[in-house]
Amino acid sequence: MANLSIPAIRERLFNTSKHENATQRNSSNPFAASSFKGNVLTADVFESSTKKDDQIDFTGKLKASALVGSISGIGEKFQNMINSVVSFGNRMKENVVNGWNKLNELGNIEISFTPAKEKAVSIYNSVKDSVTDLISSGVTSKSVAKMEDMTAARQLLTDNVAAWEAAI
Amino acid sequence: MTDKKIVKNVTNIIEGLGMNENPESIAILEDVGTNSKVDAIREMTSRALVKKNVHDSLKVVITNKGKGINDMSTVVAMSTINELLSLNDKSEAIKILEDTVNMHSDEEVRDNARSVKALMALS
């Protein structure tokens, strides 16, 4: 009858070197090289070494199980990918919705380009004035130099000089 | 503040009359331009008359009291003198200056003509 007291079991488990040589090793337990040294499992639950040379028969339920497992694994990967895409889409949707809500929260705030508009109007007016001066005045030194109607020329100078003097 | 358009018009008209070969242009410049109360207009008119460099136009700015080199405005007088000194052909201007020094009735006009003649001889 083996000693099943706790100190005895602990000694057998963790102080194996003391019992290694005295322990009967009838099994082909591959875990014998481990720290347990085959002391825990005394029964030969593994196949004998004589059968190792035989080809592994990977048929039947085992093969089908492996195939199903691999298929289910691929499906799981696809499922993860789909889940990633779906979660990405959901995040994008949430961002768009949040942005839209923020725009709506702006409420009565008017987005305008007043400074740029004023600047554009100012430039337009200045250009328009310049063009208007060129078109409307029609009084150039060359045109006056070629004038033959001296009465009109006198009147033209008189009117403009009077306008200048009136402005002072 | 004078309207830029009016200033530009007056400037163009005076310059145009200065280039106009019609003798009437000189009379227009003398009657309207040199009698203006605006110094700038008188100055432009005097310079235009000098640039014509003909007897009648030079006579206006040299022999008339209160016009051209005899203007009460120093700016107008000096501008007219400067334009006379800038002429390439000064012969007609010197001839009128000599006649003015010798025959003009007003002493101040004679003195001014003498001074300008001396400047033109040195230039």
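1. The model is predicted: local features need pLDDT of at least 70 and side-chain atom pairs count only at pLDDT 80 or more, while totals for chains, interfaces and linings use all residues. Residues are numbered from 1 along each chain as its sequence is written, and chains are lettered from A in the order in which they are written.

2. In chain B, 23 residues are in contact with 23 residues of chain A (contact: C-beta atoms, placed from the backbone, within 7 Å). Helix H1 (4-19) and helix H2 (24-33) of chain B each give two or more residues to this side (helices are DSSP runs of H or I, at least four residues, numbered from the N terminus). H1(B) provides the largest share, 11 residues.

3. The largest nonpolar core has 32 residues (core: buried Ala, Val, Leu, Ile, Met, Phe, Trp, Tyr and Cys residues joined through C-beta atoms within 7 Å; buried: 20 or more other C-beta atoms within 10 Å of a residue's own). A:Leu157 is among the members that touch the most others. Leaving aside neighbours within four places in sequence, A:Leu157 is in contact with B:Ile13, B:Leu17, B:Ile28 and B:Val32.

4. Helix H3 (39-52) of chain B supplies at least two residues of this core. Of the 14 residues of H3(B), 11 are buried, including B:Arg42, B:Glu43 and B:Leu49. The buried residues of H3(B) pack against H5 of chain A together with H1, H2, H4 and H5 of chain B.

5. H3(B) is followed by B:Asn53, whose phi is positive, near 55 degrees.

Conventions
Two residues are in contact if their C-beta atoms, placed from the backbone, lie within 7 Å. A residue is buried if 20 or more other C-beta atoms lie within 10 Å of its own, exposed if 12 or fewer, and partly exposed in between; C-beta atoms are placed from the backbone.
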